Amino acid sequence: MDSRGRKGTGLVLLIISVIAFFAYAYVLLVSPWAIEILEITVLAAVAALLAVLGWIGYTMATAPDPEVE
């Protein structure tokens with residue numbers, strides 16, 4: 001992929017993230033289910049963090065021992 005393709009992809013990702021942020025903020029501030037949406041968001045963030053920590057732990061636990069010279 002040339003630099004124009006990467007820059008185009010980056011621009012699309014930037015635009016999508018800005019639109020998604022404003023949509024999330026709008027729904028969070030206007031929706032009658034704002035607390036539930038916030039709870040689900042925090043739950044998803046904690047689950048993602050713990051999944052990464054679990055993957056790191058699994059990788060460390062199953063990694064072969066380094067060779068000692």
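**View 1. Val-52 sits in helix H2.** The model shown is predicted; local features need pLDDT of at least 70, side-chain atom pairs count only at pLDDT 80 or more, and totals for chains, interfaces and linings use all residues. Residues are numbered from 1 along each chain as its sequence is written, and side-chain values use heavy atoms, leaving out hydrogens and water. Helices are DSSP runs of H or I with at least four residues, strands are E runs of at least two, and both are numbered from the N terminus. Val-52 has a relative accessible area of 49%, so it is partly exposed (buried is under 20%, exposed over 50%, partly exposed in between, with a 1.4 Å probe and protein chains only).

**View 2. Val-52 is one of the residues in a nonpolar surface patch.** The patch covers about 940 Å². Among its other members are Tyr-24, Leu-38 and Met-60. Helix H2, residues 34–62, gives the largest share: nine residues. Areas come from the Shrake-Rupley method with a 1.4 Å probe; for residues, only the protein chains shown count as cover.

**View 3. Ser-31 lies in the loop between helix H1 (3–30) and H2.** Ser-31 counts as buried because its relative accessibility is 17%. Beyond residues up to four places away in sequence, Ser-31 touches Tyr-26 and Ile-37 (contact means heavy atoms within 4.5 Å).

How values were computed:
Patch = residues over 30% accessible without salt bridge, like charges linked within 9 Å, V, L, I, M, F, W, Y side chains within 5 Å. Salt bridge = Lys/Arg side-chain N within 4 Å of Asp/Glu carboxyl O.
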